[in-house]
Amino acid sequence: MLIAENLVRRYGSFTAVDDVSFNVGRGTCFGLLGPNGAGKTSTIGMLAGLVTPNSGRVLLEGKQLLPAAYDVKRQVGFVPQEIALYDELSAQANLEFFAGMYGLDGQVATSNIARVLEIVGLADRKKEPVRNYSGGMKRRLNIAAGLVHQPKVLILDEPTVGVDPQSRNAIFDALEALQSEGITLLYTTHYMEEVERLCDQIAIMDAGKIVAEGTKDSLYRLLPAKNSFALQFASPESATLFADHAKSNGLNVRVSESELETDTEDLAATLQVVAEIGKKIPFESMNTHRVTLEQVFLHLTGKSLRD
Amino acid sequence: MRAFIELVRKDIRMFLADRSAAIIAIAVPVGIASFLTMVMGGSSGSQEFKPIGVVAVIEDDSAVTKTFLKKLDNDKHLRVEFKTKAEAEELARKGKTPLAFIIHKGFGDEALKALKHEAARPAVRTLTDPSQRLAVMASQGYIVKAIAGGIFDTASGESHDMSPSGAESTLPFTMEQEAQEKDTDQEVQASRAHIFAGMAVQGVLFYAINVAMSLIRDRRLGIWKRLRAAPVSITTILAGRVASGTIIGVATLFMIFLFGFLVMGLRINGSIAGFVTQCVACSVLAASFGLFVASIGKTEEQSRGLSVFVVLMLSMLGGAWFPSFLMPDWMQSVTLFVPSRWAVDGLDSALWRQGTLMEVLRFSGVTLLFAIAFAFLADRRIKATEAK
């Protein structure tokens, strides 16, 4: 449905987006994951028709999206990273304004506004000035403003920045509801937990390029191990001694202070070895977890997503 | 079109949502104008004189007239231009000269007879611009001195050193100011009207800073991105700003002048349609100027400081603080390139210079040309920035 084809965007001598291509299917949630400065915002700037690419093109249902392609732009909703609302105006007045920007008025605008206010759970506060809203409510209204013209594709640029966990969950619920209605979502973030929860398809960006793309499972498979676990010891010496024994039993381990970490594909066999060594060198606690996209990113780029 | 209307409606809603700011936008120019009106009363202008340009209508060719014209020519305080009576009346009405005087045919002979108490004293008729009271008073003094000197020199062949003040009652001629009582009222009217015109223009220019700030704020808040993502051109977005700025500017001017009419006794002595047109032109100018400031400013703080300075300079050079005719000649020439000069002069023309619709439209036209230039430059600059 939405195709990014060899997108390049330069600012002077700096190449922010370097030959980026991907294909977003109808009704899917596509996550663009990467650290700050990876080129996500420039990429979605081109996808939203804000920025003209130096080369490459964006196609929406086969039609090219450019800053002046108004008929194509009407099918795209955009939620910027900033809370792009007028604080002095009510939610209703803000939505009327943004609906008007897409040429909607009268009954169509009224019903669309009522609908999006219901989706983001702000129908009962629509008359209040936005300045009275909490940060989470503003974020939800920010999403509503991108939806008010009923776009086929909604592009969200880090829509949960600075939001408390409760509001974040409310936003996720709203986005999942939209997805169930068949709206295609394109979601950028540097929070891998959000992408893991929401997105069917994920592209990982770094330094202007896509370093990996696929479903969550296909990305996890890029790592040599599916699971990892950590052991806590009473002292760093115990951890180091345990690590020596573990290595001699074929485990790949890392020691940091009093903690030992290891990744494994065969969790049961590894636990058996750990239990054996633990009889001689006791540890205080142990926890296991699945590998994350954070680890995938670390594996692919050698950097942390939050760098 | 729907987007354009919505852009205008939103800006007016924003203006009205911040009621205290809206009240301040009107109250500040009203307050300053009222204060200046009360402090300065019917007078206007400064005490300092450069050569005052006066107009002479000479219908007499007697020796007396020739002698005093020589004296006037040598007087460094005056610069005399010779015109017909009709031209002189027009120049005085338009405020192009503070004073025009008429020496009727036979004046010299009548004055010489009056000196010998053989005839009544002839009158020198003067036409004055009521807004330039100090210039009128000063130039009248120098003219009286020169005419008296001319009469006495001719009568006795000797030079008399006469003080212009206090001597008039013994002089063999009188100075007759046309419709004296009416002029006193006109002076007050003119002074008040000029102060209100100046402060009103300054007021809408200060409002223009809000137009600039709101655009820069839209960029900071990401609203600009949202607008750019919408199927709306940059030109439409900017035109919406100009339209809303114009509506708010006209409303602000309406409130300022309504106060002036109801409380300070202002009147529109010229064309009412011209006055309305000039108010619209001033508001378009202010809104376009605001866009231009927004197009060159990067941050709100930087732009606010710069625009306050520019607005103060525009107000001063445009004659909002004091009439432009009190400025040195070179500065008066420079201010022809200052848009606020045309804005203030246009309001002056409609309010108290008895400007006809066509006369006021000349000022409105130039004011609008400046507005178009500002809007064009803003549009080009913002588009260039977007393309980077």
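Among contacts in chain A between residues at least 6 apart in sequence, what percentage join residues at least 24 apart? The share is 69%, where two residues are in contact if their C-beta atoms, placed from the backbone, lie within 7 Å. For chain B, the corresponding share is 84%. The structure is a predicted model, in which local features need pLDDT of at least 70 and side-chain atom pairs count only at pLDDT 80 or more, while totals for chains, interfaces and linings use all residues. Residues are numbered from 1 along each chain as its sequence is written, and chains are lettered from A and ligands numbered from 1 in the order in which they are written.

Chain A contains 11 helices and 14 strands; helices (H or I, at least four residues) and strands (E, at least two) are DSSP runs, numbered from the N terminus. Along the principal axes, the C-alpha atoms of chain A fill a box of roughly 75 × 45 × 35 Å. Of its 307 residues, 42% count as buried. A residue is termed buried if 20 or more other C-beta atoms lie within 10 Å of its own, exposed if 12 or fewer, and partly exposed in between, with C-beta atoms placed from the backbone.

Strand E1(A), residues 2-11, takes part in two pairings, a pairing being defined by at least two DSSP bridges between the strands. With strand E2(A), residues 14-24, E1(A) runs antiparallel over 8 bridges, and A:Ile3 has A:Asn23 of E2(A) as its bridge partner. These two strands form a hairpin with 2 residues between them, and A:Gly12 there adopts a positive phi near 65°. With strand E4(A), residues 55-60, the pairing of E1(A) is also antiparallel and comprises 5 bridges; A:Val8 stands opposite A:Ser55 of E4(A).

Strand E3(A), residues 29-33, is mostly covered, with 5 of its 5 residues buried. In a regular strand the side chains alternate between the two faces of the sheet. In E3(A), A:Cys29, A:Gly31 and A:Leu33 point one way, whereas A:Phe30 and A:Leu32 point the other way, and all are buried. E3(A) runs parallel to strand E8(A), residues 184-189, with 5 bridges between them, and A:Leu33 is partnered by A:Thr189. A parallel arrangement also joins E3(A) to strand E9(A), residues 201-206, through 4 bridges; here A:Gly31 is the bridge partner of A:Ile202.

Helix H9(A) has 13 residues, 236-248, and should span 18 Å at 1.5 Å a residue; the distance of 19 Å between its end C-alpha atoms agrees with this. The expected span is 1.5 Å times one less than the number of residues. Four residues of H9(A) are buried, namely A:Ala239, A:Phe242, A:Ala243 and A:Ala246. Seen down the helix axis, the buried residues fall within an arc of 105°, so they line one face of H9(A); the arc is that of the directions from the helix axis to the C-beta atoms. An α-helix has 3.6 residues a turn, so residues three or four places apart point the same way. The buried residues of H9(A) pack against strands E11 (227-232), E12 (253-256) and E13 (259-264) and helix H10 (267-280) of chain A. The face turned away from the buried side carries the exposed residues A:Glu237, A:Asp244 and A:Ser248. After H9(A) comes A:Gly250, with a positive phi near 85°.

Chain B has 14 helices and 5 strands, and 49% of its 388 residues are buried. Within helix H11(B), residues 300-317, lies B:Val311, which counts as buried because it has 25 C-beta neighbours inside 10 Å. Leaving aside neighbours within four places in sequence, B:Val311 is in contact with B:Leu205, B:Phe206 and B:Ile209.

Between the chains, 19 residues of chain B are in contact with 25 residues of chain A. On the chain B side, the largest share, 7 residues, comes from H1(B). The residues of this side of chain B divide into 10 nonpolar, 1 polar and 8 charged, where Ala, Val, Leu, Ile, Met, Phe, Trp, Tyr, Cys and Pro count as nonpolar, Asp, Glu, Lys and Arg as charged, and the others, Gly among them, as polar.
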